[in-house]
There are 2 protein chains.
Amino acid sequence: MPQRGARSASGDGMRRIYMDHAATTPVDAEVLKAMRPYFSEKFGNASSLHGFGQEARKALENSRITISGVIGAQPDEMVFTSGGTESDNLAIRGVAMSKGRGHIITSRIEHHAVLHTCQQLEKAGFGVTYLPVDRNGFVSPLDVENAIRKDTILATIMHANNEIGTIEPIGEIGRICRDNGVLFHTDAVQSFGKVPIDVNKMNIDMLSASAHKLYGPKGVGALYVRSGIDIVPQNTGGGHEKGKRSGTENVAGIVGFAKAALLAAEHMEKRASHEKRLRGMLIKGLKEIPNTWLNGHPEKRLPNNVNVCFSGIEGESLIIHMDMKGIAASTGSACSSKSLEPSHVLVAIGLKHKDAHGSLRLSLGKENTMDDVRYVTEAVPGIVENLRKISPFGRS
Amino acid sequence: MPQRGARSASGDGMRRIYMDHAATTPVDAEVLKAMRPYFSEKFGNASSLHGFGQEARKALENSRITISGVIGAQPDEMVFTSGGTESDNLAIRGVAMSKGRGHIITSRIEHHAVLHTCQQLEKAGFGVTYLPVDRNGFVSPLDVENAIRKDTILATIMHANNEIGTIEPIGEIGRICRDNGVLFHTDAVQSFGKVPIDVNKMNIDMLSASAHKLYGPKGVGALYVRSGIDIVPQNTGGGHEKGKRSGTENVAGIVGFAKAALLAAEHMEKRASHEKRLRGMLIKGLKEIPNTWLNGHPEKRLPNNVNVCFSGIEGESLIIHMDMKGIAASTGSACSSKSLEPSHVLVAIGLKHKDAHGSLRLSLGKENTMDDVRYVTEAVPGIVENLRKISPFGRS
């Protein structure tokens, strides 16, 4: 499958290796091809009565069928949004506003789209329990069960963590929520299309997904909302998406999302085994650097996720030095890359603040090659060594 | 400028004339060309520290400079959103949540993105005054002044109406709001890039715009927020857009929006004079049909808007019969095209319910030709005549 080991975006001839697929991915050529007609030819507004509108409506509804199929949902249970963040906000605030009051269960390692929304609701009078996680980042289903109160309206626990890749036991959590009459939402932005999901078998009531994490375009996402669940719309207006999310539908983007989801579902195993192989090589290579450890579980993690700590160095410096060697990586979430706070995820799994600053996330993609991995495992040791020499933390 | 009189999306050889540019527009070839590299090559997440991220960030910030320049704003006063509806929601609910309580002034002819948001806030305890409009759809600045109370926190009056094209005296309204310490928001989704706007001269505090109304992509919009104004974010998460709107930025879409805005600004006069010429021909031709009148002001309207009523017929049937002749038009707002309610705008300007059902909106675009107009003015009289014969309303 992978033909091209290096990408050059600058055109200056420097080798460029992209290993930040958890932040975003390039739009697949087939995806862009599928989107293409919907910009300038089949450009109608899907709410218009005339032929141009109906053409757009048809593409929209076909996309809904495709995307819902990937997670075993019904087409009319999918609400298209502008992305994962909006989906999380719509799910959580949508339920909260529908119920008016109550208690929400979440975890300490959620994406900020979930955490900050919960914090905002807490200020508005809702109760929120932020569950701890273990050393590997696992939320305990028993903790979820114990946290349920009479007034609990929602549990929102992510499917796979965006920083350390840990895959949560959401099937068990879903079962507990269902048995206790608590709605269960999961942020599946990182796992959708990478790991099998069945909303019925896993008792998921709401699920957030985003196109640009799986070779689709930015600015498009979806929220699965189980039939019968009432959420208050966060964008009010023309009543699009059956009143759950107003705004002219981004037809080209949604068509691209559907194509990307279809390709991801079709090639899930192949992509995962390819990425797992590279992941193993990367982890093995990087762990040869002294005072280095892997964050998250060795196996129960996203196939494309590597997250390591090099004690005594500062993650951002590492990223910048890697970038100078043409390697695109991350310290954790791209969303908080400008923050000086240590990662809330790494703190939650028990790392000391200084170690939580020294993390490196490498997230693989379908076009990465063994050659890419070799280049990275050869480049990083020298960078780490140099940074440790000048580190204010000193050698630990 | 216009070379092509007809568009064929079906490929069946039938002439297809698109006159529904107020609902949406095709993406301009130059716009798509500008967007193209940001899908698969310069695809970085604008929040990432590495080169791919910085490349995306640069495109994003350059787009912000371009778009803010079109309305005389500063780049850091622009918040990118998923479209006009989200911009309206963010402005209105963002101010309301920031203030916590108070009174809002709006008009009866606003887009549903404004009206439904105000209605939701009304249920939450905010006071809302829905100002009437005159026969031409004008809001009276004096009415705005008289409606201001001690607790008024916001006035939101659209720049140009999406159904009848009336251009409101927002400069005067802005002045009154400023003098009274009331924030002023305007929904400029239909006017942005078509009519000159200067947020400083017009005393506009917040302004909503959307890309797909001006030959840009769907799923992208912006909210101008004057520096120093506090709005509560409606999408919480990674803190993008200076904390005002979280979510990975839709870089390709935003680049397309900027290109579309630039082209619209550069060609504003040329496009407007072309459209006004066709508008005049259309109005003249259609008014030759008996019992027909123009809705909205003959001059103070969007250059591309025609809205006429044919008494005694049902607008949706008209649209369907026109579609059968290859003409794409609308009864009013695309967003409510499936509703059986008469247009709230036409009711507000004083039309009887049965007449408000008989409206036709033709919204011209830069590629429409005199030949298109001739085709339409020749086709419509026969359709109207036939529909009147079978109308349940009978001849009026």
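This is a predicted model: local features need pLDDT of at least 70, side-chain atom pairs count only at pLDDT 80 or more; totals for chains, interfaces and linings use all residues.
The side chain of Arg245(A) makes a polar contact of 3.0 Å with the side chain of Ser82(B). Arg245(A) is placed in the loop that runs between β8 (221-225) and α8 (251-266) of chain A. Because its relative accessible area is 7%, under the 20% limit, Arg245(A) counts as buried. Leaving aside neighbours within four places in sequence, the residues in contact with Arg245(A) include Val79(A), Phe80(A), Thr81(A), Asn235(A) and His240(A), as well as Ser82(B).

The size of an interface is often given as the accessible area lost when the parts come together. Between chain B and chain A, about 5,500 Å² is buried, with carbon and sulfur atoms giving 57% of that area. Phe43(B), Leu49(B) and Lys218(B) supply 12% of what chain B buries against chain A, more than any other three residues. The contact draws 67 residues from chain B and 67 residues from chain A.

Polar contacts between chain B and chain A amount to 26 residue pairs, both residues being at pLDDT 80 or more. Two salt bridges are found across this interface. Glu55(B) forms a salt bridge with Arg16(A), their closest N and O atoms lying 3.8 Å apart. Several helices of chain B each supply at least two residues of the side touching chain A, among them α3 (51-70), α4 (84-99) and α10 (315-324). By class, that side of chain B comprises 22 nonpolar, 30 polar and 15 charged residues.

A further interface lies inside chain A itself. The domain assignment divides chain A into domain 1 (6-19 + 268-394) and domain 2 (29-266). The contact involves 28 residues from domain 1 of chain A and 31 residues from domain 2 of chain A. The C-alpha centres of these two domains of chain A are 28 Å apart. Together, domain 1 and domain 2 of chain A bury about 2,400 Å², 58% of it on carbon and sulfur atoms. On the domain 1 side, Met268(A), Leu302(A) and His344(A) lose the most area to domain 2, together 30% of what that side buries.

Across the interface of these domains of chain A there are zero salt bridges, while 11 residue pairs are in polar contact, both residues at pLDDT 80 or more. In domain 1 of chain A, α9 (268-287), β10 (305-310) and α11 (344-348) each supply at least two residues of the side that touches domain 2. The largest share of that side, four residues, comes from α11(A).

Conventions: Residues are numbered from 1 along each chain as its sequence is written. Chains are lettered from A and ligands numbered from 1 in the order in which they are written. Side-chain values use heavy atoms; hydrogens and water are left out. Domain bounds come from an automatic or database domain assignment. Contact means heavy atoms within 4.5 Å. Buried area is the accessible area (1.4 Å probe) that two parts lose on being put together, summed over both. A salt bridge is a side-chain nitrogen of Lys or Arg within 4 Å of a carboxyl oxygen of Asp or Glu. A polar contact is a pair of N or O atoms within 3.5 Å; within protein, one must be able to donate a hydrogen and the other to accept it, and residues adjacent in sequence count only if both atoms are side-chain atoms. Buried means under 20% relative accessible area, exposed over 50%, partly exposed in between (1.4 Å probe, protein chains only). Ala, Val, Leu, Ile, Met, Phe, Trp, Tyr, Cys and Pro count as nonpolar, Asp, Glu, Lys and Arg as charged, and the others, Gly among them, as polar.
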